[in-house]
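Work through these exercises with the model open. Try each task before you read its solution.

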Amino acid sequence: MIAAYLVDSSQRLKMDDLSITYLNYTPIPITDLIGSGKDQKSMADVPLDELVPYACEDADITYQLYEYLKQKLAADLLTDVAHSLDFPLSRVLARMEQKGVSIDKNLLADFSEALQKDMDMLEAQIYELAGERFNIQSPAQLGTILFEKLQLPAGKKTKTGKYSTNEAVLSKLAHHHQVPNLILEYRSLSKLKSTYSDALPSLINEQTNRIHTDYNQCVAATGRLASSNPNLQNIPIRTARSREIRKAFIPQQGFQIMSADYSQIELRVIAHISEDEQMISAFKSGEDIHARTAMEIFQLDNITQVTSDHRRKAKEVNFGIPYGLSAFGLAQNLGISNAEAKQMIEAYFERFPRILNYIEDSKNFVMEHGYVSTLLGRRRYLPDIESPNWNLRAFAERAAINMPIQGTAADIIKSAMISIDQWLINEGFKSRMLLQVHDELIFEIHEDEQALCSIIVNKMESASELKVPLKVDWGMGAHWLEAHS
DNA sequence: CCCATCACG
DNA sequence: ACGTACGTGATGGGC
């Protein structure tokens with residue numbers, strides 16, 4: 001199983017102060033790995049987790065290790081995604097990590113200051129209304145204040161039996177008391193400040209003056225990447241104030257930030273895998289897919305009959321399908337009755353019967369074979385499908401539905417990344433790929449190379465030939481927010 | 001160290 | 001009749 005080997009074998013060198021120099025200029029001494037003199041081991045005896053297969057393009061020795069690891073793994077690999085995709089991609093990721101991204105720390109410093117002021121005001125109001133001071137950040141203390149002192153109706157308990165004070169619970173309390181809303185407001189500001197505004201500037205590397213994330217190729221069970229130290233795949237965007245953070249992601253002098261993202265890639269993948277004619281024709285003709293879904297679910301004859309409420313509901317169904325949605329989950333998210341949600345799902349499957357087939361096929365496949373796989377053959381084993389525990393089995397079923405979809409989308413963008421990076425390097429362009437956020441690629445485009453944008457978009461759209469076209473939206477600007485179309 | 005919460009696709 | 005949508009990572013509280 002590829003993932004299992006890669007988890008242990010191919011973590012790239014850490015991008016701390018030391019290793020940037022290390023990566024660029026110093027070949028890894030082979031003796032560090034196999035020892036020397038009479039302690040010297042054969043290459044074959046080196047535990048896989050000590051091998052660093054692809055750290056430095058310029059170092060012969062790392063290349064040898066890379067080749068060695070390829071051979072070593074070849075005997076064990078079930079498929080060739082490792083060779084065709086993940087090994088080549090590891091070099092692309094190493095380049096992106098080393099390149100890093102510029103951060104406007106003055107902007108973030110000002111932002112932090114403004115956040116702190118607002119938090120201080122909220123804090124005072126909360127203490128006033130609660131009638132005492134307490135730690136707002138402590139769910140335990142907050143629970144006591146809200147549900148014992150103020151006698152507000154407690155919602156769900158957490159799984160450890162304590163009062164839940166999460167977003168869903170506090171929102172429902174909004175009309176009982178002012179405090180819950182103030183808490184929510186305080187939390188969102190606090191999150192922005194501690195996780196982003198304060199943290200990012202402190203991670204600027206002194207040598208490069210940029211921040212360097214780690215891309216982990218081996219943790220996500222679906223084949224997605226993960227980003228850490230810092231995580232640059234969860235930079236805020238959903239609210240007006242939070243997306244200010246994105247203004248701090250800026251290009252170096254003479255460049256612009258360009259962002260290109262796949263439109264509806266997971267739904268397109270479902271359309272392809274399930275071969276549902278309705279959905280394929282909707283994507284082929286470039287229709288508004290949520291409006292089209294609304295027409296089908298609510299049995300409307302004409303697109304002009306689709307209200308914004310229809311569309312909103314249909315969008316939520318489309319969103320939930322790849323997760324193995326339930327009537328309960330849909331009802332919760334839409335604030336509608338269980339019965340209405342159930343009816344919508346039934347109507348959906350009646351109109352998109354092949355999607356239902358896909359779900360049933362996935363469940364049957366995983367029960368028979370113990371795994372599911374993506375278009376390129378990446379596998380996820382789901383042993384819980386045999387569990388006597390109903391809950392674990394249900395989770396495994398939903399994961400079996402989701403992984404081929406999420407994973408195929410990951411395969412596609414990985415393939416695009418390899419071809420774009422190779423092309424940028426081979427042609428000697430100054431522009432570089434900086435970041436990947438699951439369905440989005442972010443570049444730094446040199447001012448003389450703006451013509452590259454349409455070629456990048458083209459390469460992304462032709463990364464895979466599906467039964468539906470792939471569509472990419474893109475934009476360019478003086479920072480990430482402006483670039484994100 | 002785990003838990004709860006919340007940021008993203 | 002069961003509990004409740006998939007995949008991640010960072011933070012602060014509290015034991």
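**Exercise 1.** Is the crossing of α12 and α13 left-handed or right-handed?

*Solution.* Start with the ground rules. This is a predicted model: local features need pLDDT of at least 70, side-chain atom pairs count only at pLDDT 80 or more, and totals for chains, interfaces and linings use all residues. Residues are numbered from 1 along each chain as its sequence is written, chains are lettered from A and ligands numbered from 1 in the order in which they are written, and side-chain values use heavy atoms, with hydrogens and water left out.

Now find helix α12 at residues 277-284 and helix α13 at residues 289-297. Helices are DSSP runs (H or I, at least four residues), numbered from the N terminus. The crossing is right-handed. In such a crossing the near helix is turned clockwise from the far one, by less than a right angle.

**Exercise 2.** Which residues of α12 meet α13?

*Solution.* Look for contact (heavy atoms within 4.5 Å). Q278, M279, S281, A282 and F283 in α12 meet I289, R292 and E296 in α13. Sort the residues of this contact: 4 are nonpolar, 2 polar and 2 charged.

Key:
Axes are lines fitted to C-alpha atoms, for helices over the stretch in contact, and angles run from 0 to 180 degrees between N-to-C directions. Helices (H or I, at least four residues) and strands (E, at least two) are DSSP runs, numbered from the N terminus. Ala, Val, Leu, Ile, Met, Phe, Trp, Tyr, Cys and Pro count as nonpolar, Asp, Glu, Lys and Arg as charged, and the others, Gly among them, as polar.
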